[in-house]
Amino acid sequence: MKGGSAMARTIRIQAEPFDVAGETAALTRGRADIGAVVSFMGFCRDEGGRLTALELEHYPGMAEAEIARIAERAESRWPLLGLTVIHRFGRLSLGEEIVLVLAASAHRTAAFEAASFLMDYLKTQAPFWKREHLKDGTVGAWVEAKEADDRAVERWG
Amino acid sequence: MKLVYFAWVRERVGKTDEDLEVPEGIATVADLVRWLKGRGEEYEYAFENDGIVRAAIDHVHVKPEAPIAGAREIAFFPPMTGG
């Protein structure tokens, strides 16, 4: 850390829930240089009343490494002061949180853009796979990747 | 060489990982996929649609033309759906 303006990066892959207020406090504590934190949370959402849960499989080791590479790209593109990415795995019930991205900067534009960039790349590059658990108690299909997510990444050039 | 599989690729192959002696002349990821498909119908099924299954070498995404020489771990998996 140099003069309180160092980049603080936290990346965690975990089964447990996370606490957005606690993570934000940890990111900003003792920092007088951070003027903006944008947070994004992704939640486990029903699809037409069919689901009870989503199950997330991941590639241990590569998931952390890939998210770190995405974070490095964001840090080289925007003047960020802090980044937190937490991605859960395992069986997540409807309404539970799946992913948290916090992007901190002196000003809001960098924080908004970096959070959006991180989520676009997380969805298409981080090695996680969702499968559906259905209301009738059976395990349903693997969720298919969406073309819209690939297009979302392309806009970053 | 260690191969690891995820999501429906893992289910189709029927195992999470395996150690294989890859013959000489298998130079790229595409060569490896072609060779695997000749090893049994489970591989044929997993790799039935060319270009769908993604690959990573030692935790880094790679394209089919990537060389596999020196790789410790090669992973095969569907397009990612996290976030």
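His133(A) stands opposite Val139(A), which lies in strand 8 of chain A. The model is a predicted one, in which local features need pLDDT of at least 70 and side-chain atom pairs count only at pLDDT 80 or more, while totals for chains, interfaces and linings use all residues. Residues are numbered from 1 along each chain as its sequence is written, and chains are lettered from A and ligands numbered from 1 in the order in which they are written.

**The sheet in chain A**
- Strand 7 (residues 128–134) and strand 8 of chain A pair in the antiparallel sense over two bridges, where strands are DSSP runs of E with at least two residues, numbered from the N terminus, and pairing needs at least two bridges found by DSSP.
- Four strands of chain A form an open antiparallel sheet in the order 5-3-7-8.
- Strand 5 (90–93) and strand 8 (139–142) of chain A are the edge strands, each pairing on one side only.

**A residue in chain B**
- Trp35(B) is placed in helix 2 (residues 29–37) of chain B, a helix being a DSSP run of H or I with at least four residues.

**Where the chains touch**
- 14 residues of chain B are in contact with 22 residues of chain A, contact meaning that C-beta atoms, placed from the backbone, lie within 7 Å.
- Helix 1 (7–13) and strand 5 (73–77) of chain B each supply at least two residues of the side that touches chain A.

Definitions and conventions:
Two residues are in contact if their C-beta atoms, placed from the backbone, lie within 7 Å.
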